[in-house]
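Reader: Could you walk me through the terms used for this model, one by one?
Author: Gladly; ask away once it is in view.

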Amino acid sequence: MIEIKVPTVGESINEVTLVKWLKQDGDYVNRDEVIAELESEKATFEVNAEQAGVLKTVGKEGDTLNIGDVLAQIDETAPKPEGAPAEAPKAEAPKPEAKPAAQPAAAAAPVTSVPNDVKATPVASAIIADKKVDPKSIQPSGYNGKILKEDVLEALSNPGRKPGISAFSREEKREKMSNLRKTVSRRLVEAKNTTAMLTTFNEVDMGKIMAIRTANKDKFKESHGVNLGFMSFFTKAVCFALQEWPAVNAYIDGDSIVYHQYCDISIAVSAPKGLVVPVIRNAESLSMAEIEKKVLELAGKARDNKLSMEEMQGGTFTITNGGVFGSLMSTPIINIPQSAILGMHKIQERPMVVNGEIVVRPMMYLALSYDHRIIDGRESVSFLVRVKELLENPELLLFGKDPLKALLEL
């Protein structure tokens with residue numbers, strides 16, 4: 001019998017939460033097969049079986065475990081069961097035959113619309129896909145939690161009513177905060193209590209950037225294999241502005257101010273387990289395509305809870321985009337120990353006065369929250385105005401200034 005212990009996941013982390021068992025007590029597991037999902041205060045990670053054998057779980061889902069605690073045991077001397085492996089090929093073998101082939105065909109349409117963990121009859125799945133119904137809004141009545149056709153129709157007939165909750169319900173639900181949520185809470189309160197935080201606002205006309213994206217998105221995707229988004233423009237603009245106003249890219253360490261000769265840009269991402277902030281290293285040296293690829297990679301890892309500790313540590317400045325959720329304006333909280341954070345928001349058409357005439361322009365509010373202990377008002381406002389200038393004149397992002405002035409070294 002061998003013991004599977006909670007591994008060391010990083011400095012200063014002493015405990016983790018057992019989020020979920022991916023294999024159950026008594027299951028036969030193969031070597032290196034994932035058996036459990038753990039969550040530290042900064043990330044979610046998986047635990048693999050060190051040897052093949054029969055699993056004996058020790059910890060329970062929701063338990064808080066210390067580093068080095070026994071998570072499970074594996075009886076490597078137990079014989080590999082013969083029944084289960086023999087049954088699996090039999091279940092898959094009929095697939096090429098004519099008769100079972102009709103089953104996948106019937107469910108083919110809703111495959112991309114209905115998540116794999118949602119159990120529904122083919123007819124119910126087809127309606128869900130066609131009407132774009134959120135499966136979470138449906139109360140299943142079938143055996144073992146299966147969604148039936150009648151359940152979907154009931155949800156469509158009563159939109160807005162949450163499943164399983166009767167009218168005028170007074171029920172409450174209490175659940176334990178995850179380590180990640182507790183860490184986010186602690187850091188946000190610490191930022192409010194330990195910094196002299198202030199927010200300055202501006203707005204940017206996104207017309208030119210939107211026109212560039214529309215005209216070049218297909219060619220950009222074809223050449224680089226990634227979509228041209230707004231984040232690359234903002235990251236480029238921020239990097240030029242940070243190099244011009246180094247205090248915004250610095251932080252306080254005791255009685256010293258640490259200035260950075262590089263721009264490690266943290267990107268706030270809303271992940272399933274909570275807010276995470278992965279870092280784009282040396283963003284000032286990356287091209288637009290390289291930035292977009294890195295954003296896509298980090299966002300994907302965040303959604304899948306695959307971010308490593310190294311990918312979330314460090315960072316000299318943060319960009320957060322509340323606009324994807326519809327936020328028109330906000331005051332973002334500094335990601336300590338950094339000294340500033342830029343908030344992007346929803347692009348909304350508004351009447352603007354241009355050359356004495358009222359015109360409709362796609363505008364975005366920008367918010368820069370900064371630590372007034374290290375960044376003065378002149379620096380913060382000038383930084384934000386510079387970001388605005390670069391975004392409204394995207395050609396400046398090539399050199400950081402007017403190309404003709406760059407040519408003439410003016």
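Reader: Which residue stands opposite Phe-45 in E5?
Author: Leu-38 stands opposite Phe-45. A word on the basis: the model is predicted, so local features need pLDDT of at least 70 and side-chain atom pairs pLDDT 80 or more, while totals for chains, interfaces and linings use all residues. Residues are numbered from 1 along each chain as its sequence is written, and side-chain values use heavy atoms, without hydrogens and water.

Reader: How do you know that E4 and E5 pair?
Author: Two strands (DSSP runs of E, at least two residues) pair if DSSP finds at least two bridges between them. E4 (residues 34-39) and E5 share five bridges, in the antiparallel sense, so they pair by that rule.

Reader: What makes E5 and E7 edge strands?
Author: The open sheet runs E5-E4-E2-E7, with antiparallel pairing. E5 (44-48) and E7 (64-66) each have a single partner strand, so one side of each lacks a neighbour in the sheet.

Reader: What makes a set of residues a nonpolar core?
Author: Its members are buried (under 20% relative accessible area, 1.4 Å probe, protein chains only) Ala, Val, Leu, Ile, Met, Phe, Trp, Tyr or Cys, joined through side-chain atoms within 4.5 Å. The largest such core has 75 residues, and Ile-35 is one of those with the most contacts inside it. Helix H7 (residues 230-244) gives the most to this core, nine residues.

Reader: Which residues does Ile-35 contact, beyond its neighbours within four places in sequence?
Author: With contact meaning heavy atoms within 4.5 Å, they include Ile-4, Trp-21, Val-47 and Leu-55.

Conventions. Helices (H or I, at least four residues) and strands (E, at least two) are DSSP runs, numbered from the N terminus. Buried means under 20% relative accessible area, exposed over 50%, partly exposed in between (1.4 Å probe, protein chains only).
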